[in-house]
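Trainee: Could you walk me through reading a model like this one? I would like the general idea each time, and then the case at hand.

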2 protein chains.
Amino acid sequence: MSTPATRRRPSMDDVAKAAGVSKGAVSKVIRDAYGVSPEMRQRVEATIRELGYRPRIAARAMRGSSFSIGLEIPNLDSEFFTQIMKGAASQLSGTNYQLMIAPGLGELSGTPVLENLADRQVDGIIAISPEVTPEWLEELSREVPVVLLGRHDKSASYDTITNDDEAGTRLALDHLLGLGHRRIAHLTLRMKNERSDAQPPHTVRRLMYERVTADAGLEPLVVYSDLAGDGAYLSAKELLVSDPRITAIFAGNDTLAIESLRAIADLGLTAEDVSVIGYDDIRMAGHPLVSLSTIDQFGEAMGRAAIDLLMERIRGGRTEPRHRELEPKLRVRASTRPASPTR
Amino acid sequence: MSTPATRRRPSMDDVAKAAGVSKGAVSKVIRDAYGVSPEMRQRVEATIRELGYRPRIAARAMRGSSFSIGLEIPNLDSEFFTQIMKGAASQLSGTNYQLMIAPGLGELSGTPVLENLADRQVDGIIAISPEVTPEWLEELSREVPVVLLGRHDKSASYDTITNDDEAGTRLALDHLLGLGHRRIAHLTLRMKNERSDAQPPHTVRRLMYERVTADAGLEPLVVYSDLAGDGAYLSAKELLVSDPRITAIFAGNDTLAIESLRAIADLGLTAEDVSVIGYDDIRMAGHPLVSLSTIDQFGEAMGRAAIDLLMERIRGGRTEPRHRELEPKLRVRASTRPASPTR
DNA sequence: TTGAAAGCGATACCAG
DNA sequence: CTGGTATCGCTTTCAA
């Protein structure tokens, strides 16, 4: 037997012994802390390379930091989260930190997933949790820096990055109204525990939809749906069948919008009959075969900004909360057309 | 000041003291190990609930397991990886284990990302790394159970889950040939370090493409492209412009295929002019506006199976390698049509 | 069945 | 600038 089945990886002790120095010295070298002579550093670094030593994060985490950033996402059904992941990952590249993405799944999301990250001693958490209560998040943020994406509740202990959902909703609806639409439905996500103080983006958009339609003297028409499986597709289909006067749908996000387009196509209709506008500007929205009008809320920028805010706390020691809001932008494409007088 | 800025979370010691028992007893209870009396268990569990105690994974990891499974993905550009994440996440739900997804990013992928996971003491690793050498992976698998997705190299120390890429490629090409196509291009991913012994899926597909076209007496036409940004779109566009005799594209995956459709649409062409078939069957492929013919390789099933294989090693103690291969399935949709005689 | 104590691999303080 | 040592929170012998 030439190679053993399992091999112990070298520890800091091994490095210290091989280099003929103390553990403390090795520790200082790998953290490039103050107080090591050039020769010492060189010798230790040579030994580290020689042995292929890499510190174990678990041990480091017990005393200092884990060099991991946790990113909690509610599910894997919306491509918007991919944008955020990309932004966060790119902003972290070149640092010692690694992004650990923890996806929720159906019922199992929010609190338990965030706890899992905290239990793993991440140095910071990015949360996209519409359903977790502000109190619980404040509790969490006493333990580890937290930045919450999307929600508009302003806490004194965690940071937030939001999109101006009221402005975005107004952009979308003004666009539709400008095209002459008078019967505009709103397809949105079903929230499990709607609370007035946690202000998830989809709730803000719905409330704004209700206000704008009321101001325009229109009847609001809200449909709630799930993202998983064919839920959104079926909801949209039923909506269009049940009310043939609808000429436009404002969808709460692009995934819902694209499922609406699926329903429209399957009903033998086109954008001439029913206009659709989404929210997020995911990649497929710009595809010529889809060409979905939408509100860009710059997910990658949100992901990057989230890392920046965390690093300000982790490395810079900031303790006062910061709340950043990004401006949405209307992207007009082929899925929105002047209202059809017939249909 | 009523609430402190930061609060220490309770440790196992705190629980032990509060319950009037030893740390060891508490440890046994949370791992439900052998040798605790019902009363002891009850008392400890009550105290745990009362204090809201949750063990720190870092400390557990130093002696036992971290209850984390690492999933390395090469990038966030392909929705196929989302399928795998979903499968893995769902298979893990209901266990104590948490999925930690570590995405690569451009140049930074493969080896360093896998090392990052190993350094975090995950109990098992799922790797989707076309570019890492078999030797390096064997090395890694001496430290932690590894299951490699996609690649066809069979190691004695790590498990693999593959798709029968030769069969899938044949399905796709036979379909195109059956429609009368004679000039079929292949759009595939650019590999950085192509090695003959690591057999990444895209290389296997390309080789099979070359064999099948040769057998059919056709001229092979391979174009290499990147997935990030507009790389694939531009490659497809240039391909179609440079050679007007092309009537069909076999794309190495659905993302490449959808970018090809983008190029076709932008050139004012349709499926009547150029047929496209992809590989993966991502969600958008089934959308009526896209309607992409493709080869389903059941990404969710791969993700689920990967967790199963890891658990067999982690909990069951299996040490012999296992290599599973899934059968691909042709999905015929509207993007493939009989070859246009003109174009 | 239970408790005491050693040890995992780092960090950080404190002498020298 | 360097080395020794206590320490983090848990698991795991080993006695009682």
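Trainee: What should I know before I start?

Mentor: This is a predicted model, in which local features need pLDDT of at least 70 and side-chain atom pairs count only at pLDDT 80 or more, while totals for chains, interfaces and linings use all residues. Residues are numbered from 1 along each chain as its sequence is written, chains are lettered from A and ligands numbered from 1 in the order in which they are written, and side-chain values use heavy atoms, leaving out hydrogens and water.

Trainee: How many helices and strands does chain A have?

Mentor: Helices (H or I, at least four residues) and strands (E, at least two) are DSSP runs, numbered from the N terminus. Chain A has 12 helices and 12 strands, and its C-alpha atoms fill a box of roughly 85 × 50 × 35 Å along the principal axes.

Trainee: What share of the residues of chain A count as buried?

Mentor: Buried means under 20% relative accessible area, exposed over 50%, and partly exposed in between, with a 1.4 Å probe and protein chains only. In chain A, 54% of the 343 residues count as buried. As for contacts (heavy atoms within 4.5 Å), 69% of those in chain A between residues at least 6 apart in sequence join residues at least 24 apart.

Trainee: How many residues does each chain give to the contact between chain B and chain A?

Mentor: Chain B gives 59 residues and chain A gives 58 residues. Buried area is the accessible area (1.4 Å probe) that two parts lose on being put together, summed over both. Here that comes to about 5200 Å², with 58% of it on carbon and sulfur atoms.

Trainee: How many salt bridges cross the interface of chain B and chain A?

Mentor: A salt bridge is a side-chain nitrogen of Lys or Arg within 4 Å of a carboxyl oxygen of Asp or Glu. The rule finds 14 across this interface. One of them joins A:Arg9 to B:Glu143, with the closest N and O atoms 2.9 Å apart. On the side of chain B that touches chain A, 28 residues are nonpolar, 14 polar and 17 charged. In that classing, Ala, Val, Leu, Ile, Met, Phe, Trp, Tyr, Cys and Pro count as nonpolar, Asp, Glu, Lys and Arg as charged, and the others, Gly among them, as polar.

Trainee: Which residues come nearest to DNA strand D?

Mentor: A residue is near a strand if one of its heavy atoms lies within 4 Å of it. Of the 27 residues around DNA strand D, the nearest are A:Ser37, A:Arg63, B:Met12, B:Lys23 and B:Ser27. By class, this surface has 12 nonpolar, 7 polar and 8 charged residues.

Trainee: Where is A:Ser291, and is it buried or exposed?

Mentor: A:Ser291 sits in the loop between β9 (275-277) and β10 (294-296) of chain A, and it counts as buried at 14% relative accessibility. Its phi is near 45 degrees, a positive value in a residue other than glycine. In chain B, B:Gln121 has phi near 60 degrees, also positive in a non-glycine residue. B:Gln121 lies in the loop between α6 and β3 (124-127) and is buried, with a relative accessible area of 17%.
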